[in-house]
Amino acid sequence: MSGKRQEGERTIRSYVLRQGRTTPSQHRALAVLSPRFGIPFSARPLDFAAVFGRTAPVVYEIGAGMGEVTAEIALARPELDYLAAEVHGPGVGSLLKKIDALALKNIRVVRHDAVEVLEHMIADGALAGLHLFFPDPWPKKRHHKRRLVQAPFAALAAQKLAPGGYLHAATDWPEYASQIDEVFSACRMFSPGAAGRRERPVTKFERRGLNLGHPVRDLLFLRRQE
Ligand SMILES: C[S@@+](CC[C@H](N)C(=O)[O-])C[C@H]1O[C@@H](n2cnc3c(N)ncnc32)[C@H](O)[C@@H]1O
């Protein structure tokens with residue numbers, strides 16, 4: 001799914017909900033820790049100061065997977081707050097466990113479609129950054145419409161980022177990297193950020209891609225000042 005939908009338009013999502021196995025400890029985390037670190041979906045913008053109990057720049061991560069990198073980044077940057085969206089239950093359970101184990105105060109998790117969260121739960125101009133690490137590449141041509149990064153998504157990201165805010169995407173799928181580059185380059189609200197790899201830990205999906213010999217590309221764009 002990409003960006004805003006018109007009424008009556010068929011919803012094309014960027015994910016298929018895999019059942020996957022939820023381990024007993026992930027189950028427990030979902031039950032016990034969701035009330036502490038989870039935020040239910042709601043169609044109203046969040047008050048970040050109330051959510052995090054302080055005023056700090058907020059970075060939004062789309063598709064946190066199992067959350068290793070989310071937790072590692074939040075641990076390394078305690079001065080920033082992180083909101084992560086993920087639809088996969090075991091992944092959310094795993095991230096909740098990490099937040100608890102590391103006693104992280106600066107992460108909250110929404111188990112819901114990340115584009116709907118971006119549209120409805122995040123006020124315009126409220127984000128300092130947006131992380132999109134290894135979005136599902138949907139390699140088959142007939143599935144390209146499921147790719148998250150398309151023109152309406154870039155427009156939505158521009159709307160939600162503060163001027164000067166950044167979009168950091170990474171993928172091991174060269175043709176999707178080109179698409180991301182083209183889409184954000186074509187959006188007049190973004191300018192290209194510094195070339196090269198921005199600092200971030202290696203993600204689980206990245207490791208898999210590297211093992212398969214896939215080249216990893218990081219893309220960085222900055223929200224223009226208007
Ligand atoms: C290929 S995995 C990458 C996970 C993680 N970022 C990493 O690099 O290890 C993509 C993840 O995005 C999630 N995802 C895809 N579309 C989503 C959406 N619209 N909302 C929330 N999560 C989504 C999937 O469930 C999956 O966990």
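**Exercise 1. Determine which of the 18 residues around the ligand come nearest.**

Solution. A residue counts as near a molecule if one of its heavy atoms lies within 4 Å of it. Of the 18 residues around the ligand, those that come nearest are Ser-14, Glu-86, Ala-114, Phe-133 and Thr-203. The structure is a predicted model, in which local features need pLDDT of at least 70 and side-chain atom pairs pLDDT 80 or more, while totals for chains, interfaces and linings use all residues. Residues are numbered from 1 along each chain as its sequence is written, and side-chain values use heavy atoms, with hydrogens and water left out.

**Exercise 2. Identify polar contacts of the ligand, a polar contact being a pair of N or O atoms within 3.5 Å.**

Solution. Begin with Ser-14: a polar atom of its side chain lies 2.8 Å from a ligand nitrogen atom. Next, a side-chain N or O atom of Thr-203 is 2.6 Å from an oxygen atom of the ligand. Finally, a polar backbone atom of Phe-205 is 3.3 Å from an oxygen atom of the ligand.

**Exercise 3. Describe how helix α5 packs with helix α6.**

Solution. Helices are DSSP runs (H or I, at least four residues), numbered from the N terminus. Helix α5 (residues 114-121) packs with helix α6 (residues 151-160) at an angle of about 40°, and their axes are 10 Å apart. Axes are lines fitted to C-alpha atoms over the stretch in contact, and angles run from 0 to 180 degrees between N-to-C directions. Therefore α5 is oblique to α6, since angles under 35 degrees count as roughly parallel, over 145 as roughly antiparallel, 65 to 115 as roughly perpendicular and the rest as oblique. With contact meaning heavy atoms within 4.5 Å, Val-115, Leu-118 and Glu-119 in α5 meet Phe-153, Leu-156 and Lys-160 in α6.

Definitions and conventions:
Helices (H or I, at least four residues) and strands (E, at least two) are DSSP runs, numbered from the N terminus. A polar contact is a pair of N or O atoms within 3.5 Å; within protein, one must be able to donate a hydrogen and the other to accept it, and residues adjacent in sequence count only if both atoms are side-chain atoms.
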